[in-house]
Amino acid sequence: MEQETGFIKENLKEVEERIQKACERAGRNRDEVTLVAVSKTKPLQMIEEAYDAGIRVFGENKVQELAEKHEKLPGDIRWQMIGHLQRNKVKNIIDKVDLIHSVDSIRLLETIEKEAEKKNVTANVLLEVNMAKEESKFGLFPEEVLSFTDKLKDFPHVIVRGLMTIAPDTDNPEENRQYFSGLRKLSVDIASKNIDNIHMGVLSMGMTNDYEVAIEEGATMVRIGTGIFGKRNYALDKNTR
Ligand SMILES: *Cc1c(COP(=O)(O)O)cnc(C)c1O
């Protein structure tokens, strides 16, 4: 590759330090926050380097890419589907992923339920919330989430583990603080309803540009790609946001 080896290990060290400092600032324990290494578009070799440095949780946003990497890489990796999921592709990953971050419709949940039942697995999912109501993004609007959760009782093979958001792309992470604190408030409201099959333990929020602010606001999962693996090549891969 064009970059010398070793840089992933270095990047991981820096990310780890910054996660720890953010936890300290917020009075939180480091073990409350899971680092999801977002490896989309990146080759196996780079993932192996992160794996050798101790990373076991990887995020992908394309079904086929996730399935291929799942087949070729060690079995103790916990793969996470972080991208928009089409219903006709659920069957290709339902027994390969540890967590689906991107549920935003009842129809998608119905498909997940059906495919999970067929493969005799329980699917762990997060509800994706479009906190800033950006037109370019998927996800439920914040005011839709509470009524959405009322419809979730009939899915015995699905467990809702929490909420996920993708905050706006900005140079100033402080601008996203409001969305992270808003997502946390929403999760508290949902948890207080005590609905079967809904747990609100996970808050997946924060990416390379804003994960420290997200941790300060209660993130339990941060999804970091660029900060670990370097920039993605959009010229080669037009499908990646
Ligand atoms: C690509 C992606 C990330 C990682 O973004 P970086 O800015 O590279 O850290 C996180 N979450 C989702 C849903 C993504 O698609």
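**Salt bridges, burial and strands**

Modeller: Glu60 forms a salt bridge with Lys69, and their closest N and O atoms are 2.9 Å apart. This is a predicted model, in which local features need pLDDT of at least 70, side-chain atom pairs count only at pLDDT 80 or more, and totals for chains, interfaces and linings use all residues. Residues are numbered from 1 along each chain as its sequence is written, and side-chain values use heavy atoms, with hydrogens and water left out.

Biologist: What is a salt bridge, and how many does a search of the whole structure find?

Modeller: Side chains of opposite charge can pair when their charged atoms come close. The term requires a side-chain nitrogen of Lys or Arg within 4 Å of a carboxyl oxygen of Asp or Glu. The search of the whole structure finds 18 salt bridges.

Biologist: Is Glu60 buried or exposed?

Modeller: Buried means under 20% relative accessible area, exposed means over 50%, and partly exposed lies in between (1.4 Å probe, protein chains only). Glu60 has a relative accessible area of 0%, so it is buried. Lys69 counts as buried too, at 5% relative accessibility.

Biologist: Which other residue forms a salt bridge with Lys69?

Modeller: Glu65 does, with the closest N and O atoms 2.8 Å apart. Lys69 and Glu65 both lie in helix α3 (residues 63–72), 4 residues apart, which is about one turn of the helix. Helices (H or I, at least four residues) and strands (E, at least two) are DSSP runs, numbered from the N terminus. Glu65 is buried, as is Lys69.

Biologist: Where do the residues of the salt bridge between Asp150 and Lys193 lie?

Modeller: The side chains of Asp150 and Lys193 meet at 2.8 Å, N to O. This pair links distant parts of the chain, 43 residues apart: Asp150 is in the loop between α6 (142–149) and β6, and Lys193 is in the loop between α7 (177–191) and β7 (198–204). Asp150 is partly exposed, with a relative accessible area of 38%. Lys193 is also partly exposed, at 32%.

Biologist: Which residues are linked in a network of salt bridges?

Modeller: The network links Arg25, Glu174, Arg177, Arg184, Glu216 and Glu217.

Biologist: How do I read the pairing of strands?

Modeller: Two strands pair if DSSP finds at least two bridges between them. Strand β5 (residues 123–128) pairs with β6 in the parallel sense over 6 bridges. Within this pairing, Leu127 has Leu163 in β6 as its bridge partner.

Biologist: Why is β6 said to be largely enclosed by the rest of the structure?

Modeller: Strand β6 (residues 158–164) is described that way because 6 of its 7 residues are buried.

Biologist: Which strands are joined to β1?

Modeller: Strand β1 (residues 34–38) runs parallel to strand β8 (residues 221–224), and 4 bridges join them. For Leu35, the bridge partner in β8 is Val222. Strand β1 is also joined to strand β2 (residues 57–60) by 2 bridges, again in parallel. There, Ala37 has Phe58 as its partner in β2. Strand β1 is mostly covered, with 4 of its 5 residues buried.

Biologist: How far apart are Glu115 and Lys91 in sequence and in space?

Modeller: They are 24 residues apart in sequence, and 5.8 Å apart in space, C-alpha to C-alpha. Glu115 sits in helix α5 (residues 106–118). With a relative accessible area of 8%, Glu115 is buried.
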